[in-house]
Amino acid sequence: MNEMSYSDNFTPQQTQDGSYTFFSEEFDEAFHSHYGARQESYLKFALPTQVKKAAGNGIVRILDVCYGLGYNTAAALQVIWEENPICYVEVIGLELNPEVPKAAINQRIFYDWDYEFRQILTELAFGHQSYTERLKAKLLIGDARESIQLLHQSGFQADAIFLDPFSPPHCPQLWTVEFIQKVALCLHKNGLLATYSCAAAVRTALLAAGLVIGSSTPIGRQTPGTIAGYPRDESVDNWGDEEEEIRPIPPISEEEKEHLQTRAAIPYRDPQLRDAAEVIIMRRQQEQQASVLETSSQWKKRWS
């Protein structure tokens, strides 16, 4: 595919903060909220995972699930290096469609970012890797369900994970219990995972992976995102690591806890990590239909 053809497949859409995103015809969804693509990368991912605090350790490892245009990685690098200019960062990005980051560069989506970040994103888009004195970044192209298994086998442990697929109804493959369990295996014991989703099915899958969950601040809409991490052992100072600060997870509300007891919380399942979206959705619908749990409408009525 030549340079002209792949950029033609993606038309930039301006969001409310002035930054641009793309619309995916395949998933019938924009890559970012209309509130602001750039703002979302900071407020839904970089800040909730507290990469700024992690930068104090001198090294930060990031797993960017569904790299897309590159906003989340760029925002995290900016926050980290503003806090600690000599912090070494290792980034692994998972992306299905290599034409998306290429189109972001060709469409000059990051025209107003500093040259260093534009250079890194360009190298990742076209060469799938970028190396500097303070960065080692790689883009793994392909089905994330396969890439995450290889990444776990490599022993990679992330201080911050950005879980940013298209929404569960449009891309259930990357919200299943089985996939999120694999993602959690790549999370450091002191690390944090952030996602824009607060769907009960997503939160159930995170809990099933052995993580505790909290809510991030709502951005541009009423619903919050979700933060997750491994349970903190308060009896152990800094988890036995004097140089690492514990990064607390804010608890969810009673209303949110009760939502996890409804049919909406029945998770997506993909036992072999290779089923089509339609199969995964149908499997969940059948489980919901057979369930005796309260419906979401009943839960909403009680809390309205």
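Biologist: How many of the eight residues of strand E6 are buried?

Modeller: The model is a predicted one. In it, strand E6 covers residues 88-95 and is mostly covered. The number of its eight residues that are buried is seven.

Biologist: Which residue in E6 is the bridge partner of Val 65?

Modeller: Strand E5, residues 59-65, runs parallel to E6, and seven bridges join the two. The chain passes from E5 to E6 by way of helix H4, residues 71-83, in a right-handed β-α-β crossover. Within E6, Val 65 has as its bridge partner Leu 94.

Biologist: Which residue in E8 is the bridge partner of Leu 94?

Modeller: E6 is also joined to strand E8, residues 135-141, by seven bridges, and these strands run parallel. In E8, Leu 94 is paired by a bridge with Leu 140.

Biologist: How many disulfides does a search of the whole structure find?

Modeller: A disulfide requires two cysteine sulfur atoms within 2.5 Å. The cysteine sulfur closest to that of Cys 171 belongs to Cys 66 and lies 6.0 Å away, so it is too far for a bond. For Cys 186 the closest cysteine sulfur is likewise in Cys 66, at 14 Å, which is too far for a bond. The number of disulfides found in the whole structure is zero.

Definitions and conventions: Residues numbered from 1 in each chain as written. Predicted model: local features only at pLDDT ≥ 70, side-chain atom pairs only at ≥ 80, totals over all residues. Heavy atoms only, no water. Buried < 20%, exposed > 50% of the residue type's maximum accessible area, 1.4 Å probe, protein only. Helix = DSSP H or I, 4+ residues; strand = E, 2+ residues; numbered from the N terminus. Pairing = 2+ DSSP bridges. Right-handed = clockwise from strand over helix to strand, strands pointing away.
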